[in-house]
Amino acid sequence: MEKSRVVVVGGTGYLGKRFVKASLANGHPTFVLHRPEIGVDIEKIQLLLSFKEQGAKLIKASFSDHQSLVDAVKQVDVVICAISGVHFRSHHILLQLNLIKAIKEAGNIKRFLPSEFGMDPSRMRHAIEPGRVTFDDKMVIRKAIEEAGIPFTYVTANCFAGYFVGGLCQPLNIIPSRDHVLLLGHANVKAIYVDEDDIATYTIKAVDDPRMVNKTLHIRPPENILSQTELVQAWEELIGKQLSKTTISEEDFLTKLKSVDYALQVALGHYYHVFYEGCLTNFELGDNEGEATQLYPEVNYVRAKDYLERYL
């Protein structure tokens with residue numbers, strides 16, 4: 001079967017660059033949107049040029065120029081959007097409304113994968129303020145996609161390994177300590193961790209998969225469904241040492257959340273739902289959902305316990 005032509009929007013970002021790499025590796029004619037807004041950011045320019053050297057084509061277009069977006073999407077079959085949706089970086093989720101208008105007008109897109117790749121927003125309508133803004137905005141995008149009749153695949157990838165495994169689930173930590181760890185509550189709530197390159201691999205697998213048209217792809221590697229305690233124990237085994245431990249209760253965590261700046265409140269709200277409430281693992285998948293490791297068993301995903309070895 002001929003591979004779909006894929007364009008990545010936000011291709012110089014944390015996940016976007018991985019989507020470009022995975023698309024090329026899987027033999028897709030790959031395009032990357034070059035937005036003039038990046039200006040003279042030399043690192044992003046050089047990254048775009050490196051994509052070009054690897055065989056990707058660059059397309060100039062801007063969210064503020066409707067016709068440029070229409071012209072861009074007319075050149076491809078699949079649009080993957082990876083613009084940032086986390087407040088401590090930048091939060092541009094609603095910019096996708098401009099992209100949706102362009103996709104609808106172009107009329108040729110076989111699949112749109114909007115910027116999601118975290119928790120399932122459809123299951124987070126109860127989320128606390130201000131963190132719920134992330135989920136509310138993503139649901140606005142979902143509604144616009146479906147009302148426009150655009151074929152879609154939503155991808156929920158749960159906890160990025162670089163942030164959550166590396167930090168042993170501790171907010172504001174991305175490298176595991178060899179001395180101390182802060183345990184969130186009883187530290188026995190299961191979460192799901194996914195290597196960022198694996199997120200890209202599974203996402204690209206789905207773009208031409210008819211089973212995932214108008215459905216949600218959940219990435220839930222069974223060996224990576226672990227509690228914070230299990231993750232900490234894996235690290236302790238690797239370093240041959242027991243960490244000292246303190247615990248923060250649910251009540252104290254929520255009190256602390258209210259005392260920090262807005263962007264951090266958003267992030268801590270998400271930690272609360274994952275590690276105190278168990279929002280990633282307290283449900284079963286429905287008819288319009290698929291699980292990545294079952295659909296694509298040929299992918300040898302990175303185990304969270306193996307991921308930790310890079311920090312030795």
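Predicted model: local features only at pLDDT ≥ 70, side-chain atom pairs only at ≥ 80, totals over all residues.
The protein contains 12 helices and 15 strands. Its radius of gyration is 20 Å, close to the 20 Å that the globule rule gives for 312 residues, so the protein is as compact as a globular protein of that length. The C-alpha trace spans about 55 × 45 × 35 Å along its principal axes.

The largest nonpolar core comprises 74 residues, of which F19, I80, Y193, I199, L231, F275 and Y296 touch the most other members. A second, separate core is made up of 30 residues, including A72, I93, L99 and I100. Within the largest core, Y193 may be taken as an example: when its neighbours within four places in sequence are left aside, Y193 is in contact with C159, F164, V165, C169, P221, N224, L226, S227, Q228, L231 and F275. Two of these partners, L231 and F275, are themselves listed with Y193 among the residues that touch the most other members of that core.

Rolling a probe the size of a water molecule over the atoms shows where empty space is left. A search of the whole structure on this basis finds two cavities of 30 Å³ or more. The largest cavity, with a volume of about 60 Å³, is lined by G10, G11, T12, L33, H34, R35, I38, K44 and L48. Strand 2 (30–34) and helix 2 (42–53) each supply at least two residues of this lining, which divides by class into three nonpolar, four polar and two charged residues. The second largest cavity has a volume of about 40 Å³, and its lining consists of M119, D120, R123, M124, T156, N158, H218, C279, L280 and F283. Here the classes are represented by five nonpolar, three polar and two charged residues.

A further site considered individually is R132, which is placed in helix 5 (residues 132–147). With a relative accessible area of 18%, R132 falls under the 20% limit and is therefore classed as buried. Not counting residues up to four places away in sequence, R132 touches R125, H126 and A127.

Terms used:
Residues numbered from 1 in each chain as written. Heavy atoms only, no water. Helix = DSSP H or I, 4+ residues; strand = E, 2+ residues; numbered from the N terminus. Buried < 20%, exposed > 50% of the residue type's maximum accessible area, 1.4 Å probe, protein only. Contact = heavy atoms within 4.5 Å. Core = buried A, V, L, I, M, F, W, Y, C linked by side-chain atoms within 4.5 Å. 1 Å grid on protein atoms, 1.4 Å probe; cavity = no way out; pocket = protein on both sides within 12 Å on 5 of 7 lines; lining within 4 Å. Points joined across faces, edges and corners; volume = space filled by probe spheres on them. Nonpolar A, V, L, I, M, F, W, Y, C, P; charged D, E, K, R; others polar. Rg over C-alpha atoms; globule rule 2.2 N^0.38 Å.
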